[in-house]
Amino acid sequence: MKGFSTLPARRVALAWLLIALPGCAAVSQMNLLSAQQEVEIGRQAAKEVETSMPIYDDPVVAAYVDSLGQLLARHSRRPDIKYTFKVVDTDDVNAFALPGGFLYVNRGLITTAKTEAELAGVVGHEIGHVVGHHGARQISKQYGLAVLIELALGGQDPSLTRDIAAQFANIGGTLALLKYGRDAEREADMFAVEETYAAGIDPSGMAAFFEKLMALHESEPGGMELLFSTHPPTNERIASVRDQAAKLPPKLSLSSSSDRFIAIQKHILERRPPKP
Ligand code: ZN
């Protein structure tokens with residue numbers, strides 16, 4: 001019976017994480033959490049997430065994703081918290097961020113990206129959700145009064161933190177905390193353009209990846225369905241990313257790919273050949 005419970009749970013977890021990307025709450029939602037509370041909630045949610053999702057066990061790939069992620073985070077508007085990047089062992093094309101700097105990149109995203117700039121754009125977007133405190137704002141929206149009382153008492157109510165963390169990680173529960181909203185998505189896109197450009201990576205990579213998602217969605221909707229429906233790569237998003245990128249002063253040193261990225265893709269594909 002063991003396998004019975006594991007597989008559906010994983011499937012639900014994947015469905016959940018794909019829904020983690022999109023959203024519908026207003027970005028202007030106030031953030032009532034301190035950075036410390038946000039990080040603590042993220043840490044507990046990460047613990048729960050990692051019991052329900054398989055982490056890709058490959059130090060070479062993990063080190064690469066971490067170094068790319070750290071490079072972008074260093075160039076973000078919120079470089080003062082610790083970021084962790086982990087690779088999820090699934091073909092599904094996705095990435096997601098928990099509050100406080102806990103980020104997850106799917107193996108399928110790394111192999112689907114055509115260039116490092118495309119991958120960096122998506123990772124930068126997820127960092128953007130952390131930079132914009134989008135998770136913390138969602139918590140504030142849902143738990144407003146409870147969080148305020150908790151802050152007024154000056155305490156760190158472990159049961160409240162546990163409850164919120166469980167919601168982020170709760171695959172069967174409400175997804176309200178993970179729906180960031182269209183404004184938040186737009187803001188995360190904007191942060192991604194800034195981060196990639198500042199890190200010396202072509203900021204239009206994200207737009208190229210959105211275009212690819214749209215094309216793939218038409219030719220083989222299966223694998224992209226969830227990502228597409230929950231994190232819609234709309235023409236408007238593509239245009240505004242391209243617009244923002246075009247307005248930046250030209251930089252000769254912007255890279256679109258790297259030898260290391262190509263080697264990592266090869267490494268993953270050799271380890272697990274794609275399904276015929
Ligand atoms: Zn997003």
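Guide: Start with burial: a residue is buried under 20% relative accessible area, exposed over 50%, and partly exposed in between, using a 1.4 Å probe and protein chains only. This is a predicted model, in which local features need pLDDT of at least 70 and side-chain atom pairs count only at pLDDT 80 or more, while totals for chains, interfaces and linings use all residues. Residues are numbered from 1 along each chain as its sequence is written, and side-chain values use heavy atoms, with hydrogens and water left out.

Visitor: Why is Glu236 called partly exposed?

Guide: Glu236 has a relative accessible area of 45%. That value lies between the cut-offs of 20% and 50%, so Glu236 counts as partly exposed.

Visitor: What makes Ser76 count as buried or exposed?

Guide: The relative accessibility of Ser76 is 8%. This is under 20%, so Ser76 is buried. Ser76 sits in the loop between α3 and β1; helices (H or I, at least four residues) and strands (E, at least two) are DSSP runs, numbered from the N terminus.

Visitor: Which residues is Ser76 in contact with, leaving aside its neighbours within four places in sequence?

Guide: They are Tyr83, Ile127, Val131 and Glu195, where contact means heavy atoms within 4.5 Å.

Visitor: Why is the pair Glu38 and Arg78 called a salt bridge?

Guide: The term asks for a side-chain nitrogen of Lys or Arg within 4 Å of a carboxyl oxygen of Asp or Glu. In Glu38 and Arg78 the closest N and O atoms are 3.1 Å apart, so the pair meets the definition. Glu38 is in helix α2 (residues 35–52) and Arg78 in the loop between α3 (59–74) and β1 (84–88), 40 residues apart. Both Glu38 and Arg78 are buried. The whole structure holds 14 salt bridges.

Visitor: Why are the buried residues of α11 said to line one face of the helix?

Guide: The buried residues of α11 are Arg237, Ile238, Val241 and Ala245. Seen down the axis of α11, they fall within an arc of 100°, so they line one face; the arc is that of the directions from the helix axis to the C-beta atoms. On the other side of α11, Asn235, Ala246 and Lys247 are exposed. The buried residues of α11 pack against α5, α8 and α9.

Visitor: Which residues touch the most other members of the largest nonpolar core?

Guide: A nonpolar core is a set of buried Ala, Val, Leu, Ile, Met, Phe, Trp, Tyr and Cys residues joined through side-chain atoms within 4.5 Å. Of the 35 residues in the largest one, Tyr83, Ile110, Leu119 and Ile127 touch the most other members. The largest share of this core, eight residues, comes from α5.
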